[in-house]
Amino acid sequence: MEQAEASRDPMPDWQSIRVFLALQRSGSFRSAATKLGLSVNSVRRRIDDLEDLIGAPLLTRHVDGIRLTAEGHAILEAAGRMEAAAFSLVRTGEGAPFAETGEVRIAVTEGLGAFWLAPRLVEFQRANPRLTVDLRCAMESADVLRLEADVAIQLTRPTSPNLRVVKLGRIHVVPYAARSYEETYGLPARPEDLARHRIVVQDGEQTIALADYVRTVPGFPAKVPVTLKVNVSSAYYWAIAKGAGIGLLPTYASAIGAQVIPVDNLGRSSVDIWLTYHPDAERITRVRRTIDWIRSSFDPKRYPWFRDAFIHPRDLPGAVKGAPLPDLFAGFVAMTP
């Protein structure tokens, strides 16, 4: 009996703490199980074991999810410190000399990932043939502190003081339509005319919502005929390019060769692009090289559509410096003056 008691470890194991943190952040057992890749019963067992070890209930179950007890809140901060220490151990190991090889994970908004970074990855991979790039294109922001990615490119500025945040540039957004749409329906000459046109909208995180855009443009009709809603940038982009309707696109849409034209007199908007990563990540060779490449990929001197100042799409060809556009956007039709 004494031997059995002595063999019991009084310290909570890291996996139970990890499950507890995921449950608190997700708000329900089912959501936490999905995020962790475990069964709901496995999550429950981990929490039960942790509560037995602590000697008090850490949460209560409700129809709308879980709520932490006073004891749960008391260990939450300590659990967060354990998580930070665990991640620090991982980053320390990755800082070894062999870290020039391996995998680097880039989280990026789906539009920038699909239409800007992915076509340009070849040059980076040729310069770093021993690296594997995991390009995660999604509309939701990744949590770099919890190692969901090594670096993240997003349109909302992170607020955590524990992250390194770098402004990469700015996206300028204007209404666009396809040539085929113009031939069929014509183009609106003023905001009021949009009531007689077909509108395509994108609905998702890290996008400029039509409602927000409308508030910045005088004369925009209170209601416009939305004929198509899309949740991802790639489908949204191609729907507009194929003539489904008028939609908001960044001005670099002109640069990558889509058969779309800007619609003037309907206003414009802009949003900053942010690069974020943990400060320790710069000590990892493969991540530092990736950061340098990303920053060069958004260089506003070379790529004028990322400058703070708005440049009309028709004026972009004359503002491009360095390599000609056909070389920069292989596989797309180049923009011509």
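Predicted model: local features only at pLDDT ≥ 70, side-chain atom pairs only at ≥ 80, totals over all residues.

**Entry 1: the whole protein**

I started with the surface: the accessible surface of the protein is about 17,300 Å², and 51% of that belongs to carbon and sulfur atoms (Shrake-Rupley method, 1.4 Å probe; for residues, only the protein chains shown count as cover). Residues are numbered from 1 along each chain as its sequence is written, and side-chain values use heavy atoms, with hydrogens and water left out.

I then looked up the secondary structure and got 14 helices and 11 strands (DSSP runs numbered from the N terminus: helices are H or I with at least four residues, strands are E with at least two). Of the 337 residues, 45% are buried (buried is under 20% relative accessible area, exposed is over 50%, partly exposed is in between, with a 1.4 Å probe and protein chains only). Among contacts with a separation of 6 or more, 75% join residues 24 or more positions apart (contact means heavy atoms within 4.5 Å).

**Entry 2: helix α3**

Which residues of α3 are buried? I found Phe 29, Ala 32, Ala 33 and Leu 36. They sit on the same side of α3, because they cover an arc of only 100° around the axis (the arc is that of the directions from the helix axis to the C-beta atoms). These buried residues pack against α2 (14-26), α4, β1 (59-62) and β2 (65-68). On the face turned away from the buried side I noted the exposed residues Arg 30, Thr 34 and Lys 35. After α3 comes Gly 37, with a positive phi near 75°.

**Entry 3: α3 against α4**

I checked how α3 (residues 29-36) packs on α4 (residues 40-54): the angle is about 105° and the axes are 8 Å apart (axes are lines fitted to C-alpha atoms, for helices over the stretch in contact, and angles run from 0 to 180 degrees between N-to-C directions). That makes α3 roughly perpendicular to α4 (65 to 115 degrees; under 35 is roughly parallel, over 145 roughly antiparallel, the rest oblique). Phe 29, Arg 30 and Ala 33 of α3 meet Val 40, Val 43, Arg 44 and Ile 47 of α4.
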